[in-house]
Amino acid sequence: MKELLGEVQRKHLLLVIYSLVFLLLLYGVIQVSGWQYVPNLLLYFSAFIAFYVAILVLNGKLGFFRKQFGWPQIIGNQLRVEYLAVASLLGIAIHFIFLGNIPTWDAYKAMKLSEVVIIRRNITENMPTWVNYMMSWNLKSLIPFTLAILFIRKDHKWFWIFFPIAVIYAFFMMQKSFILVILIPLGILAFITKRWGYLIMSGIIALTVVVTLFYVQNVTLRGGFNDIRLEYEKEPSPSGLVDRLFGGLLKRVSVVPGKTVAKWFEFIPTEKPYLYGNGYKAVSKLTGGEYHDYARELYPYIYKENAKHGLVGSVNVASFMRGYANFGLPGLVLAAFLLAIVLIFIESIYAGFDVFKFTFNVFPVLMLSSTSLETNLASGGWLLTTGLFLLFRDKLPVLTRTKKTFNTNHVS
């Protein structure tokens with residue numbers, strides 16, 4: 001049994017991780033709404049497992065997901081890892097030219113919360129679409145992939161040129177999640193290869209950036225004025241900073257994703273009708289229908305107090321809820337089918353590279369608890385990271401396990 005579980009974990013690691021994500025979502029839904037929506041979730045997950053097994057069997061017989069990809073490796077042989085760092089640095093320079101400012105520094109000088117909100121919003125507002133995609137791909141794919149590869153290949157020169165610039169860029173973009181995104185792959189590889197100095201350094205930097213951004217964005221902590229404070233909110237205090245920061249993080253991970261799923265089930269279709277394809281931009285363009293973004297349209301329903309105070313925003317939700325918003329229960333089955341295909345495809349690409357499979361895919365799979373599959377693949381950079389791995393996997397060192405350690409055999 002132990003050997004069987006180990007084999008399942010090795011060959012179907014992404015399935016194992018996603019199953020844990022789903023269980024956490026299920027816990028959150030039950031915490032918020034009891035067992036009311038559990039049948040819907042069980043329908044989805046049962047369909048997902050059935051599709052996964054069926055596609056896996058078909059793939060074994062027909063081999064439509066190959067483990068060898070010729071042309072990406074041929075192209076990759078002509079590329080150097082340093083090119084990725086140069087491309088990323090060029091993207092950072094272009095982005096700052098369009099921004100024309102340093103958002104975190106401007107936010108620190110602002111003494112009203114409304115000003116901080118505007119500064120943060122302007123990072124993406126009124127920007128060309130391609131610039132926003134460039135920023136997203138850089139922070140969510142190119143930078144973390146490049147840092148990890150430079151680290152594992154022990155390319156110290158380029159690593160120490162690129163690392164501080166990447167960290168500063170993530171800090172300047174004012175999203176606490178960005179520093180985690182760029183450092184998680186590096187931290188995982190440092191842990192696996194027992195290079196503790198890099199692991200400790202990454203942890204300290206991530207914690208410092210997160211706490212500093214929390215301080216910058218909470219103007220009352222530095223003598224400013226919260227001019228959009230909601231009536232039910234308490235003012236943060238320096239003494240409660242740690243509790244609020246980490247308590248909020250724990251709640252965001254364990255309860256909020258499930259709560260959001262429950263709310264979507266509650267308001268669709270009672271308050272918002274099924275979209276029948278108009279929740280997808282591509283479909284609405286083809287059919288001539290009116291596109292609806294329920295992530296934004298449901299915000300005033302789910303966060304009523306915020307809406308009363310004139311705040312607008314979007315509601316992130318688990319990947320399968322987009323299918324439900326469009327087609328109801330059949331949409332959950334469709335979402336299960338699509339995710340099964342994606343996970344098996346990615347598993348086939350990383351066959352024989354178990355350490356890198358975990359390193360580059362754990363965060364995207366975790367994000368399925370609060371992001372649509374399409375967004376995760378496209379603007380979330382998951383597809384780009386997969387493509388980069390295909391290009392450079394012949395240049396990666398081979399990590400072989402010997403007892404309780406990993407040996408790194410360098411590949412030039």
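Student: Where does Lys194 lie?
Tutor: This is a predicted model, in which local features need pLDDT of at least 70, side-chain atom pairs count only at pLDDT 80 or more, and totals for chains, interfaces and linings use all residues. Residues are numbered from 1 along each chain as its sequence is written, and side-chain values use heavy atoms, without hydrogens and water. Helices are DSSP runs (H or I, at least four residues), numbered from the N terminus. Lys194 sits in the loop between H10 and helix H11 (196–217).

Student: What is the relative accessible area of Lys194?
Tutor: Lys194 is not a glycine, yet its phi is positive, near 60 degrees. Buried means under 20% relative accessible area, exposed over 50%, and partly exposed in between (1.4 Å probe, protein chains only). Lys194 is partly exposed, at 41%.

Student: Is Met174 buried or exposed?
Tutor: Met174 lies in the loop between helix H9 (156–172) and helix H10 (176–192). Its phi is positive too, about 70 degrees, although Met174 is not a glycine. With a relative accessible area of 1%, Met174 is buried.

Student: Which residue does a cis peptide bond join to Ile268?
Tutor: Look at the loop between helix H13 (256–267) and helix H14 (281–287). The cis bond has an omega of about 10 degrees. The partner of Ile268 is Pro269.

Student: How are H10 and H20 oriented, roughly parallel or roughly antiparallel?
Tutor: Axes are lines fitted to C-alpha atoms, for helices over the stretch in contact, with angles from 0 to 180 degrees between N-to-C directions. The axes of H10 and helix H20 (residues 354–367) come within 9 Å and cross at roughly 155 degrees. Angles under 35 degrees count as roughly parallel, over 145 as roughly antiparallel, 65 to 115 as roughly perpendicular and the rest as oblique. So the H10 and H20 pair is roughly antiparallel.

Student: What is the C-alpha to C-alpha distance in space between Phe356 and Ala148?
Tutor: Phe356 lies in helix H20. Phe356 is buried, with a relative accessible area of 2%. In sequence, Phe356 and Ala148 are 208 residues apart; in space, C-alpha to C-alpha, they are separated by 9.5 Å.

Key:
Helices (H or I, at least four residues) and strands (E, at least two) are DSSP runs, numbered from the N terminus.
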